[in-house]
Amino acid sequence: MNADPNCIFCKIVAGQIPAKKVHEDDEIVVFHDIHPWAPVHILIVPKLHIPSMVEVQPEHAGLLGRMMALSPKLMRELGVTNGFRHVINTGRDGMQEVMHLHLHVMGGPRPWLKG
Ligand code: AMP
Ligand code: ZN
């Protein structure tokens, strides 16, 4: 499925609802989390509607690699100089709230709200 009309992140990808975007290319959009846990908390989101890591297939390996590989550049641009943390929540037991795959990247001076 390329997009799900009821999915909040598909709506952000389509520009139907606003987000504080920090990066966009053909495959990926990145924006600030609306409820940040850390001084800098971004979400790296594939434009393709993949509900979660459960649905990831071997052909998505390049896309997932590009999502990961974007993070150091973006954190540097956002002024994070002392390390950061990646999180992907998957499914109910993984406490996933938005069923569109996304990579949390959090950084900035502690203390953080959580994480
Ligand atoms: P997860 O539990 O991994 O599914 O986390 C979903 C994340 O998306 C949460 O940290 C939310 O704060 C964030 N979120 C939900 N809606 C929006 C939105 N419209 N813009 C930015 N972040 C959002
Ligand atoms: Zn979606």
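F9 and F31 are both buried, where buried means under 20% relative accessible area, exposed over 50% and partly exposed in between (1.4 Å probe, protein chains only). This is a predicted model: local features need pLDDT of at least 70, side-chain atom pairs count only at pLDDT 80 or more, and totals for chains, interfaces and linings use all residues. Residues are numbered from 1 along each chain as its sequence is written, and side-chain values use heavy atoms, with hydrogens and water left out.

The structure holds 1 aromatic pair. The ring centres of F9 and F31 lie 5.3 Å apart and the planes stand at 80 degrees, so the pair is edge-to-face. Rings of Phe, Tyr and Trp (its six-membered ring) pair if their centres lie within 6.5 Å; planes under 30 degrees apart count as stacked, over 60 as edge-to-face and the rest as tilted. The pair links distant parts of the chain: F9 sits in helix 1 and F31 in strand 2, 22 residues apart. Helices (H or I, at least four residues) and strands (E, at least two) are DSSP runs, numbered from the N terminus.

R110 lies over the face of W112, 3.7 Å from the ring centre. The rule asks for NZ of Lys or CZ of Arg within 6 Å of the ring centre and within 35 degrees of the ring normal.

Now the cysteines.

| Residue | Relative accessibility | Class |
|---|---|---|
| C7 | 6% | buried |
| C10 | 7% | buried |

The count comes to 0 disulfides, a disulfide being a pair of cysteine sulfur atoms within 2.5 Å.

Conventions. Chains are lettered from A and ligands numbered from 1 in the order in which they are written.
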